Amino acid sequence: MSNEARRKIVFGPVPSRRLGMSLGVDLVPFKTCGYSCIYCQLGITPSPTLERREYVPPREAIEAVRAALSGGLKPDYITLSGSGEPTLHSRIGDVIHGLKDLGAAPVAVLTSGALLWMPEVRRDLAEADVVLPTLAAGDETVFRRMHCPAQGLDFRRVVEGMEAFRREYCGQIWLEVFLVAGLNTTEDQIEKMCRMAERIAPDKVQLNTAVRPPAEKGVTAPTMAELEQIRAAFGPAAEIIAEFGGRKTQTPGGKEADPGSGEEAASPDGRNGGRGNGAPAGGEDMPRGWKEPDTAGRPPREAGAAVARLADEILAIVSRHPCTPEDVAAVLGLAPADAGRILDGLRREGLLEEDRRGGRSYFRTLQS
Ligand code: SF4
């Protein structure tokens, strides 16, 4: 498989606030989704859909992951996510089965949860270690405003699907509650979502908000004080998802270690890539630890080729996940200033745009 074909399917590892260093697997084309969430980092969904298809042959997806792992990479999770809704892949169950057979890392599925009312989707996810669905509304009105769903989806159906999944699934469910200030943070909405969460009975409730640039400019995050209040309303199983702070320690059962229990973290300058094991991370095509090409002992053409390969790698990551220079530095083992220079070069070429949010610069592919 060519590196280009592999990069269409596998990306990262990217720093995930919930999953540590997460090797992403993208099973569907860009913005193939049943929702068009106002907070989506990838912009609007042109045609929300519920049609499940075999967008990538499972064997190809598994081979792409195997190739990415062949250099000794040890992600915290292999995560089905990316630029759309992974459960729209009609053979996601076969992909999960193949990834579990690799035995490299626990398998997580980041999903909107919109298709869990389909028995075949629930069956397909049975072998995953962790499933992370999203709840962002307490009733039909806010559900429609928040997700602009495909025809055929309604709030009740989606919540009942999550409840049915809980009854049938033996793995971990980490329910993301996505909060948008003033829209679903009212007392009424929080109360309704608390009741939904009780019915869904996840192992964790994780409060998330629009940290990265969303599809709609007016979408804003609640304050930390509001988040604390909301966390208290959801009870002891709830946590506020902190900004990425390093890798999760992987235990044999695939559970996360307590972040305060000595987990390895990216060094402040990002040069250990957050991996802590110094392992090469994806084969010879991914020049980790690259430094400013000063050409001392390195022919200029070789340095230029290294930058070009890094730029390709960065584009593959940023197209699924808006990143700061610090994020990119942590993933690729660069100094943040070097990552910033490459990102800025890609911006000047018109391949990326920069969006400032919360005092930080996020780079992402151009939104149409
Ligand atoms: S946030 Fe997720 S579920 Fe919502 S539109 Fe984007 S990809 Fe789809």
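Of the contacts in the protein chain with a separation of 6 or more, 71% are between residues 24 or more positions apart. The model is a predicted one. The protein chain has 368 residues, and 44% of them count as buried. Its secondary structure consists of 11 helices and 11 strands.

Is Ser 112 buried or exposed? Ser 112 has 27 other C-beta atoms within 10 Å, so it is buried; the cut-off for a buried residue is 20 or more. Residues up to four places away in sequence aside, Ser 112 touches Gly 34, Tyr 35, Glu 85, Pro 133 and Thr 134. Leu 132 is 20 residues from Ser 112 along the chain, and the C-alpha atoms of the two are separated by 7.9 Å.

## Helices α7 and α8

Helix α7 covers residues 187–200 and helix α8 covers residues 224–234. Their axes come within 9 Å and cross at roughly 40°. The two helices are therefore oblique to each other, and their crossing is right-handed. On the side of α7 the contact is made by Ile 190, Cys 194 and Ala 197, and on the side of α8 by Ile 230, Ala 233 and Phe 234. The contact of α7 with α8 contains 6 nonpolar residues, no polar ones and no charged ones.

Ile 190 lies in helix α7. Ile 190 counts as partly exposed because it has 19 C-beta neighbours inside 10 Å, while a buried residue needs 20 or more. Apart from neighbours within four places in sequence, Ile 190 is in contact with Thr 185, Ile 230 and Ala 233. Of these, Ile 230 and Ala 233 are among the residues of α8 that make the helix contact. The C-alpha atom of Ile 190 is separated by 9.9 Å from that of Arg 231, which is 41 residues away along the chain.

## Helices α10 and α11

Another pair is formed by helix α10 (residues 325–332) and helix α11 (residues 336–348), whose axes come within 8 Å and cross at roughly 115°.

Val 95 is part of helix α3 (residues 92–102). Val 95 is buried, because 28 other C-beta atoms lie within 10 Å. Leaving out residues up to four places away in sequence, Val 95 touches Leu 27, Pro 58, Ala 61, Ile 62, Leu 80 and His 89. Val 95 and Leu 125 are 30 residues apart in sequence, and 10.0 Å lies between their C-alpha atoms.

The table lists the C-alpha distances given in this report.

| Residue pair | Separation along the chain | C-alpha distance |
|---|---|---|
| Ser 112 and Leu 132 | 20 residues | 7.9 Å |
| Ile 190 and Arg 231 | 41 residues | 9.9 Å |
| Val 95 and Leu 125 | 30 residues | 10.0 Å |

## Backbone geometry

Most residues other than glycine have a negative phi, and most peptide bonds are trans. The next residues depart from these patterns.

Gly 12 and Pro 13 are joined by a cis peptide bond with omega of about 10°. Pro 13 lies in strand β1 (residues 10–16).

Cys 148 has a positive phi, near 40°. Cys 148 is in the loop between α5 (140–147) and α6 (155–168). With 16 C-beta neighbours inside 10 Å, Cys 148 counts as partly exposed.

Ala 201 also has a positive phi, about 50°. Ala 201 belongs to the loop between α7 and β8 (204–209). Ala 201 has 13 other C-beta atoms within 10 Å and is therefore partly exposed.

Notes:
Residues are numbered from 1 along each chain as its sequence is written. This is a predicted model: local features need pLDDT of at least 70, side-chain atom pairs count only at pLDDT 80 or more; totals for chains, interfaces and linings use all residues. Helices (H or I, at least four residues) and strands (E, at least two) are DSSP runs, numbered from the N terminus. A residue is buried if 20 or more other C-beta atoms lie within 10 Å of its own, exposed if 12 or fewer, and partly exposed in between; C-beta atoms are placed from the backbone. Two residues are in contact if their C-beta atoms, placed from the backbone, lie within 7 Å. Axes are lines fitted to C-alpha atoms, for helices over the stretch in contact, and angles run from 0 to 180 degrees between N-to-C directions. Angles under 35 degrees count as roughly parallel, over 145 as roughly antiparallel, 65 to 115 as roughly perpendicular and the rest as oblique. A crossing is left-handed if the near helix is turned anticlockwise from the far one by less than a right angle, and right-handed if clockwise. Ala, Val, Leu, Ile, Met, Phe, Trp, Tyr, Cys and Pro count as nonpolar, Asp, Glu, Lys and Arg as charged, and the others, Gly among them, as polar.
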